[in-house]
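Good morning, and thank you for coming. I would ask you to keep the sequence and the structure in view while I speak.

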Amino acid sequence: MERLKFGERKDLTFTKWINSHLAKHKPPLEVNDLFEDIKDGVKLLALLEVLSGQRLPCEQGRQLKRIHWVSNIGTALKFLEGRKSVYRGSPIKLVNIHATDIADGRPSIVLGLIWTIILYFQIEELTSNLPALQALSNSNSSVESITSSETGSPPMKRKVVNKFKGNAKKALLKWVQCTAAKDFGIEVKDFGPSWRDGVAFQSVVHAIRPDLVDMEVVRRRSNRENLEEAFALAENELGIPRLLDPEDVDVDKPDEKSIMTYVAQFLKHYPNPQHSETDGQQDELLLGSIPTFALSVPREERKMLRELKVFLDQLERDVLRAQGTEGSLTDKYQAFKNFRVQYEMKKKQTDPLLQPVQKDGKLSVDQALVKQAWDRVSARLLDWHIHLDKSLPGPLGVIGAWLHRAEMALREDIPIQHAHEETANVLHRKLEQHKVAYLSTSEKNGICDAITYHLHFTFINILSSY
């Protein structure tokens, strides 16, 4: 009964969102039953790796027992608690979300955890890149906690979590109102009934690609027709995963969190409120006295940054496609090298565009999004490089894997936890990683010497045969 009560359509939307990211994992993974497939923590950790670009320790295998499940989930929860909320500046709080509850597949707790991940890695990160809306972070508005009805969170703790959610929600809603709805007199007051007729979705698509939508035609169509076309256009023309179906939204009370999850994806494609040199006063009225950092970047540079963002998004897709292509190891290394050269040349050419334009050193909206795109491409190339080096024959593959592990251990940041004991545990784990890498240095040097010796005499024998 609990699954029917809490799951509804929300678990389907969350599952689609998860799968849109797990498709980028190597190898690609998929969640079919959210409450069952997340129990062992393996796919949960894979999701966090894709979202963060970091490697996380994970117990894997066919014979995993409950103790391994709880360990994996605990790793995921500690990782989340070590991340800082952009809005509050303090670590993410996971109120009444415990590893054992996730391992038991309790729907309300699972949905609460996934919603927290969506808020932090998608909605909060993207809305915090809207400098014109940053003043909203002081808001005291709140939205209900998805887990409060079952967990009975203490009032004070629940207030802290809800304040964060309210900020992200209000910033996202303000973005919709300022970029899409205002141009057509559409009233978007919430992430529920305001979206039922599909007109708001169509206006968001129109704000990104005006050529795709005729708003006059939209107003004459039925709810289902508008919703179906908006979702299809977003998926086919903008590359936005289809997380919703018309029947999810064309109801008396559409699920707020499902709509927020879907709408937030559009931020990657059109981050700024629309501006022109003649409508500055109108925007100032709409946004009040909130400063718009994006305007401090000249129009030509904004255009170049957006073109660069399109280039990087395409480069990331090309890298993923090439990585999955069949071929010899030599061909794969050559393909990787070509992409790496392309990446380095483009980065050298465009680095000046990412110099902070604000006195406080902050990037503009477009600069921040381009930087995120660079980081994603860099992570993809690194992942590909590691896979190729591990695929080298014999001892070369062993050396390649060891070098990458050592580099990752040296490069990884150490999150400072509120609890000193947790920080001490993290430091202990890092020291053990470094110790293992250091102790095996002499062994790996021996392997390298043997390889060099073999190559030297092979070369001598080739010369002597002429």
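**A bent helix and the cores around it**

Let me begin with helix H7, residues 107–127, which bends by about 40° at leucine 119. The bend at a residue is the angle between axes fitted to the seven residues ending there and the seven starting there.

A word on the source. This is a predicted model, in which local features need pLDDT of at least 70 and side-chain atom pairs count only at pLDDT 80 or more, while totals for chains, interfaces and linings use all residues. Residues are numbered from 1 along each chain as its sequence is written, and side-chain values use heavy atoms, with hydrogens and water left out.

The protein chain holds 21 helices and 0 strands. Of its 466 residues, 46% count as buried; buried means under 20% relative accessible area, exposed means over 50%, and partly exposed lies in between, with a 1.4 Å probe and protein chains only. Contact means heavy atoms within 4.5 Å. Among the contacts in the chain with a separation of 6 or more, 69% are between residues 24 or more positions apart.

Returning to H7, this helix is mostly covered, with 20 of its 21 residues buried. Where do those side chains go? The largest nonpolar core has 78 residues, and those with the most contacts inside it are Leu34, Ile117, Trp195, Phe201 and Phe266. The largest share of this core, 13 residues, comes from H7. The core also draws at least three residues from each of domain 1 (1–129) and domain 2 (166–269), the bounds being from an automatic or database domain assignment. By nonpolar core I mean a set of buried Ala, Val, Leu, Ile, Met, Phe, Trp, Tyr and Cys residues joined through side-chain atoms within 4.5 Å. A second, separate core of 18 residues includes Leu308, Phe339, Ala373 and Leu381.

I turn now to phenylalanine 201. Beyond its neighbours within four places in sequence, phenylalanine 201 is in contact with Trp195, Leu227, Ala230, Phe231, Leu244, Val249, Ile259, Tyr262 and Val263. Two of these partners, Ile259 and Tyr262, are listed among the buried residues of H14. Helix H14 (residues 256–264) is mostly covered, with 9 of its 9 residues buried.

Next, the aromatic rings. Rings of Phe, Tyr and Trp (its six-membered ring) pair if their centres lie within 6.5 Å; planes under 30 degrees apart count as stacked, over 60 as edge-to-face and the rest as tilted. By this rule the count comes to 11 aromatic pairs. Tryptophan 195 and phenylalanine 201 form a tilted pair, 4.7 Å centre to centre with 55° between the planes. Both tryptophan 195 and phenylalanine 201 are buried. Ring pairs link Phe191, Trp195, Phe201, Phe231, Tyr262 and Phe266 into a cluster.

Why is the pair of tyrosine 343 and tryptophan 374 edge-to-face? Their ring centres are 5.2 Å apart and their planes stand at 85°, so the pair falls in that class. This pair links distant parts of the chain, 31 residues apart: tyrosine 343 is in helix H17 (residues 329–350) and tryptophan 374 in helix H18 (residues 365–390). Tyrosine 343 is buried, at 5% relative accessible area, and tryptophan 374 is buried at 2%.

Two lysines lie over ring faces. The criterion is NZ of Lys or CZ of Arg within 6 Å of the ring centre and within 35 degrees of the ring normal. Lysine 346 lies over the face of phenylalanine 311, at 4.7 Å from the ring centre, and lysine 347 over that of tryptophan 374, at 5.7 Å.

Is lysine 39 buried or exposed? Lysine 39 counts as buried, because its relative accessibility is 15%. Lysine 39 is found in the loop between helix H3 (34–37) and helix H4 (42–52), and its contacts beyond four places in sequence are Trp69, Ile73, Ile102, Ala103, Asp104 and Gly105.

Lysine 16, by contrast, is partly exposed at 28%, and belongs to helix H2 (residues 10–22). Lysine 16 and arginine 242 are 226 residues apart in sequence and 7.8 Å apart in space, C-alpha to C-alpha.

Conventions: Helices (H or I, at least four residues) and strands (E, at least two) are DSSP runs, numbered from the N terminus.
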